[in-house]
Amino acid sequence: MSSADILPTGPAGARLRRWQRFTLAERLMRSAFYIVVLIAIVWSLQTIEIIPEFLYDAPQQTADLFLRMWPIDWAWYPKVVHPALIETLHTATLGTIIAVVLASLVS
């Protein structure tokens with residue numbers, strides 16, 4: 001029995017075409033892309049330099065950080081936080097204005 005015998009027939013006995021989402025070239029390119037990504041992940045896992053000793057006490061250091069952040073000491077806000085917050089807002093505003101001007105020139 002050939003594959004032509006398995007395919008159902010349509011109106012007037014015409015053979016129906018088999019639908020495929022991707023062409024052979026697209027499937028090959030997708031497979032190649034997945035292989036390249038897999039190779040990159042394996043290579044990065046082999047070359048990354050994680051020091052296990054730093055990971056052992058990471059939960060304790062994170063807990064210590066949050067304990068030192070809470071409760072909030074509002075005495076620091078007027079002299080340290082507020083000027084930095086205003087500077088950040090100014091930088092973001094200036095960056096947005098420059099981006100709008102450059103985008104309008106390009107468009």
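These are my notebook entries on a predicted model of a protein.

**Ground rules.** I number residues from 1 along each chain as its sequence is written. The model is predicted, so local features need pLDDT of at least 70 and side-chain atom pairs count only at pLDDT 80 or more, while totals for chains, interfaces and linings use all residues, and side-chain values use heavy atoms, with hydrogens and water left out.

**Overall layout.** I looked up the elements and found five helices and zero strands. Here helices (H or I, at least four residues) and strands (E, at least two) are DSSP runs, numbered from the N terminus. The order from the N terminus is α-α-α-α-α.

**Surface.** I noted an accessible surface of about 10300 Å², with 71% of it belonging to carbon and sulfur atoms. Such areas come from the Shrake-Rupley method with a 1.4 Å probe; for residues, only the protein chains shown count as cover. Of the 107 residues, 1% are buried. Buried means under 20% relative accessible area, exposed over 50%, and partly exposed in between (1.4 Å probe, protein chains only).

**Helix α5.** I checked the length of α5, which covers residues 76-106. The expected span is 1.5 Å times one less than the number of residues.

**Charge over a ring.** I found the charged end of K79 over the ring of W76, 5.3 Å from its centre. The rule asks for NZ of Lys or CZ of Arg within 6 Å of the ring centre and within 35 degrees of the ring normal.

**Salt bridge.** I searched the whole structure and got one salt bridge, meaning a side-chain nitrogen of Lys or Arg within 4 Å of a carboxyl oxygen of Asp or Glu. D64 pairs with R68, and their closest N and O atoms are 3.1 Å apart. Both residues lie in helix α4 (residues 58-69), four residues apart, about one turn of the helix. D64 is partly exposed at 37% relative accessibility, whereas R68 is exposed at 61%.

**Cis bond.** Most peptide bonds are trans. I found the one from W70 to P71 to be cis, with omega near 0°. P71 lies in the loop between α4 and α5.
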